[in-house]
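Hello,

Please find the model below, with the sequence alongside. Notes on what was found in it follow.

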Amino acid sequence: MSLVVIVDSDAGFCRRLRVLLENDTGARCDEVRSLAEAREALGLRHPDTIVLGPTIAPAAALEFAESYGTQDGAASIVYVTNETSTDLLRRAMRAGLRDVVPADQEYGEVVRAVQAALDSVRPRSAEGVAVQAPVSRGRVVTVFSTKGGVGKTVISCNVAVALAELGLKTVLVDLDLQFGDVGIMLDLTPDRTIFDAVQSFDRLDAEMLSGFLTPHASGLQVLLAPVHPEDAEVVTVSRISAVLGLLREVADFVVIDTAAALDDAVLAAIDSSDTVYAVATMDVASIKNVRVSLQKLAQMGYDHDLTKLVINRADSKVWLDPGEAERSIDAPVVAELPSDRLVPRSVNRGVPVVLDAPKSGVARALAALAKTVAAGREEAKSSVA
Ligand SMILES: Nc1ncnc2c1ncn2[C@@H]1O[C@H](COP(=O)(O)OP(=O)(O)O)[C@@H](O)[C@H]1O
Ligand SMILES: [Mg+2]
């Protein structure tokens with residue numbers, strides 16, 4: 001999905017334009033209040049188009065376009081201003097601005113200019129990553145289901161631990177912000193959490209963020225969920241995106257566990273993800289739930305190929321076989337995990353089953369899923385090479 005960053009000190013302008021752009025172009029919009037803030041955000045997010053609003057002076061807009069707009073893979077810049085002299089237009093084109101448009105009443109021209117800019121941006125690969133993205137960046141995967149109790153946390157913890165055991169630098173993020181239980185499943189004490197990380201948001205960089213991670217014996221690093229459900233509020237979408245952007249710079253893999261919801265936090269995770277693993281169990285309600293939520297994601301403009309299916313407790317043949325689930329949901333099944341009482345036992349012990357009973361069928365299936373996740377990175381590398 002495309003990302004537009006709107007830069008203007010006038011919150012009203014940003015809000016009105018944001019609503020129009022989100023409705024008319026289907027892009028997601030972020031607002032920042034100044035060029036300084038924009039520069040900061042650009043290190044963390046990679047927008048397709050940047051809109052500079054009328055409160056930005058022409059000289060500052062041109063200077064920004066010259067310094068930022070000429071970088072490799074930079075977003076195209078649309079400047080909304082009431083000072084549309086031919087002189088400014090000429091200088092704007094030379095500075096690399098894509099378009100200069102007047103702030104008319106309805107912002108019709110602005111929307112058209114942004115749409116044209118979006119239509120012409122660099123091609124995106126099937127998994128939604130910019131094709132020119134540096135290969136050294138880590139991969140982000142989200143474990144997703146809008147239904148609770150299907151095994152999201154079991155799967156994300158075990159896959160993350162298995163990736164770490166493969167020697168890959170892995171960070172697990174508990175984005176079940178209100179009721180996250182990664183800490184319990186991995187027996188970690190929440191001395192530092194994502195709440196503390198975003199409290200220091202203004203100064204946060206990759207190094208500082210690593211100080212908020214909790215190490216697990218396997219080598220995995222974990223960004224735990226807030227201890228108090230009410231603290232989830234300060235963990236806003238733009239902060240989540242920024243945190244994930246920083247983590248992807250330092251890790252080979254970022255695995256995200258999510259709440260049973262399709263809320264802003266989950267969408268922020270999906271936005272940042274190279275692959276989304278949707279978890280279904282073998283019952284009609286769960287299959288229908290996954291089908292509906294994937295349809296919803298498609299409506300929102302997410303790439304169909306972004307999602308893979310993981311069937312948990314695949315051997316409890318209540319309704320149908322995995323092949324039928326695959327056809328019904330229209331996404332490929334990449335793992336079928338058996339039901340095993342070793343899983344609740346490992347949850348109670350606070351030791352993931354891939355470590356607690358590595359020879360068991362369920363642990364092997366989870367380790368195989370981790371290898372599939374790891375292979376995604378190799379594929380991405382070789383497709384760019
Ligand atoms: N493959 C499995 N076999 C047996 N029990 C499982 C399996 N996967 C998950 N469970 C059990 O289901 C419960 C819910 O799993 P959890 O990962 O917390 O779900 P979610 O995060 O989707 O809400 C856990 O307590 C776990 O013991
Ligand atoms: Mg959970």
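**Helix packing, domains and ligand shell**

Helix α3 (residues 58–68) and helix α4 (residues 86–95) have axes that come within 8 Å and cross at roughly 20°. The two are therefore roughly parallel to each other. On the α3 side the contact is made by Pro58, Leu62, Ala65 and Glu66, and on the α4 side by Leu88, Arg91, Ala92 and Ala95. By class, the residues of this contact are six nonpolar, no polar and two charged.

Some conventions before the rest. This is a predicted model, in which local features need pLDDT of at least 70 and side-chain atom pairs count only at pLDDT 80 or more, while totals for chains, interfaces and linings use all residues. Residues are numbered from 1 along each chain as its sequence is written, and chains are lettered from A and ligands numbered from 1 in the order in which they are written.

The terms are used as follows:
- Helices are DSSP runs (H or I, at least four residues), numbered from the N terminus.
- Axes are lines fitted to C-alpha atoms, for helices over the stretch in contact, and angles run from 0 to 180 degrees between N-to-C directions.
- Angles under 35 degrees count as roughly parallel, over 145 as roughly antiparallel, 65 to 115 as roughly perpendicular and the rest as oblique.
- Two residues are in contact if their C-beta atoms, placed from the backbone, lie within 7 Å.
- Ala, Val, Leu, Ile, Met, Phe, Trp, Tyr, Cys and Pro count as nonpolar, Asp, Glu, Lys and Arg as charged, and the others, Gly among them, as polar.

Helix α1 (residues 11–25) and helix α5 (residues 108–119) cross at roughly 50°, and their axes come within 10 Å. α1 and α5 are therefore oblique to each other. Leu17, Leu20, Leu21, Asp24 and Thr25 of α1 make the contact with Val110, Val111, Val114, Gln115 and Leu118 of α5. Seven residues of that contact are nonpolar, two polar and one charged.

Helix α10 (residues 237–250) packs against helix α11 (residues 264–271) at an angle of about 30°, with the axes 9 Å apart. That makes α10 roughly parallel to α11. The contact involves Val237, Ile240 and Ser241 of α10 and Asp264, Ala265, Ala268 and Asp271 of α11.

The domain assignment (automatic or from a database) gives domain 1 (3–119) and domain 2 (139–384). Their C-alpha centres lie 34 Å apart. Five residues of domain 1 are in contact with seven residues of domain 2. The domain 1 side of this contact has one nonpolar, one polar and three charged residues.

Which residues come nearest to ligand 1? Of the 18 around ligand 1 (C-beta atom, placed from the backbone, within 6 Å), they are Gly151, Lys152, Thr153, Val154 and Pro344. Helices α6 (152–165) and α14 (342–349) each supply at least two residues of the shell. The shell divides into eight nonpolar, seven polar and three charged residues.

Regards
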